[in-house]
Amino acid sequence: MQLKDKIAIVTGAGGGFGEATAKLYAEEGAQVAVVDLRGEEAERVAREIGQQAIAVTGDVSVKEDVDRLVERSVEAFGGLDIVVNNAGTTHRNQPMLEVDEATFDRVYAVNVKSIYLMTMATVPHLRARGAGVILNVASTAGLRPRPGLTWYNGSKGAVNVISKSMAVELAPDRIRVNALCPVMGETGLLESFMGLPDTPENRAKFIATIPLGRMSQPIDIARAALYLASDNAEFITGVEFPIDGGRTV
């Protein structure tokens, strides 16, 4: 087991990439706090995992929620080793001048501010363990931006740069920080990313830009998150790790 006796928090774990990551971590021996804004979905995933998991409801863009969810997780399992900042949102694929201010603010609150809040709340616990891992879920959008998702692209570019800066600053504490950069995947945000109805024809247009010929699946991201959290990656920090079927080549 690659994560035996490790304790992890996975945000946005009520579905998609986060759910797959939480379940794979548990299979590999970790105890997992399943965090999601949607309490019923967090409960479902934790229930499906079993005794190794707890469900915690919270909004990762709100300090009080973040402080509470981290403390609940640490109290439940007795410490913290791995933080996966997976929760994210987007605006609909559309011209940048059509994105209203409230939507812009929400994208940056969930995608960027949440990492600030989670870092403030979790790093003291990771330092107490003498080492740790932080994985920030970014996107290929932050590496190879395309029109229609300008403000979302910027938020994920921020995640990439923040992750690299965190990696350097936290290296003396033996806390590794990496960014995961998935290509478009089959999640609840797919239609927003496409800006079109989710039809086979429309999917084909986007799949045509991915050399390996398919969208990402949640298990693809979970496997990368497992590797980067494990001792197999003990000398890897500060990377922008594409999980993209060659999309950013």
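Strand 5 (132–137) and strand 6 (175–182) run parallel and are joined by 6 bridges. Strands here are DSSP runs of E of at least two residues, helices are runs of H or I of at least four, and both are numbered from the N terminus. Two strands count as paired if DSSP finds at least two bridges between them. From strand 5 the chain crosses through helix 5 to strand 6, and this β-α-β crossover is right-handed. Right-handed has a set sense: with the strands pointing away from the viewer, the path from the first strand over the helix to the second runs clockwise. Within this pair, Val133 has Arg176 of strand 6 as its bridge partner.

The model is predicted, so local features need pLDDT of at least 70 and side-chain atom pairs count only at pLDDT 80 or more, while totals for chains, interfaces and linings use all residues. Residues are numbered from 1 along each chain as its sequence is written, and side-chain values use heavy atoms, with hydrogens and water left out.

Stay with strand 5. Is it mostly covered or uncovered? It is mostly covered, with 6 of its 6 residues buried. Buried means under 20% relative accessible area, exposed means over 50%, and partly exposed lies in between (1.4 Å probe, protein chains only). In a regular strand the side chains alternate between the two faces of the sheet. In strand 5, Gly132, Ile134 and Asn136 point one way. Val133, Leu135 and Val137 point the other way, and all of these residues are buried.

Strand 5 has another partner. Strand 4 (residues 82–85) pairs with strand 5 in the parallel sense over 4 bridges. Here Val84 has Leu135 as its bridge partner. Strand 4, helix 4 and strand 5 form a right-handed β-α-β unit.

Now go back towards the start of the chain. Strand 1 (residues 7–11) and strand 2 run parallel, joined by 5 bridges. The chain passes from strand 1 through helix 1 (residues 16–27) to strand 2 in a right-handed β-α-β crossover. Val10 stands opposite Val34 in strand 2. On strand 3, the bridge partner of Val34 is Ala55.

Strand 2 (residues 31–36) and strand 3 also pair in the parallel sense, over 5 bridges. Asp36 stands opposite Thr57 in strand 3. Strand 2, helix 2 (residues 39–49) and strand 3 make up a right-handed β-α-β unit.

Why is strand 2 largely enclosed by the rest of the structure? Because 5 of its 6 residues are buried. Strand 3 (residues 53–57) is largely enclosed too, because 4 of its 5 residues are buried.

Next come the spaces in the structure. Both kinds are found on a 1 Å grid over the protein atoms alone. A cavity is a set of points where a 1.4 Å probe fits but cannot get out. A pocket is an open set with protein on both sides within 12 Å along at least five of seven lines. Lining residues have an atom within 4 Å of a point. Grid points are joined across faces, edges and corners, and a volume is the space filled by probe spheres set on the points.

How many cavities of 30 Å³ or more does a search of the whole structure find? It finds 1. The largest cavity has a volume of about 60 Å³. It is lined by 13 residues, and Asn85, Ala87, Val110, Ser114 and Ile115 are the closest to its centre. Helix 4 (101–129) and helix 5 each supply at least two lining residues. The largest share, 5 residues, comes from helix 4.

The second largest pocket holds about 330 Å³ of space. Of its 15 lining residues, Ala131, Gly132, Arg174, Arg176 and Asp231 are the closest to the centre. Strand 5 and strand 6 each supply at least two residues of this lining.

Arg174 is exposed, with a relative accessible area of 59%. Its phi is positive, about 60°, although it is not a glycine. Asp5, in the segment before strand 1, is another residue other than glycine with a positive phi, near 70°. Asp5 counts as exposed at 58% relative accessibility.

Ala141 is buried, with a relative accessible area of 9%.
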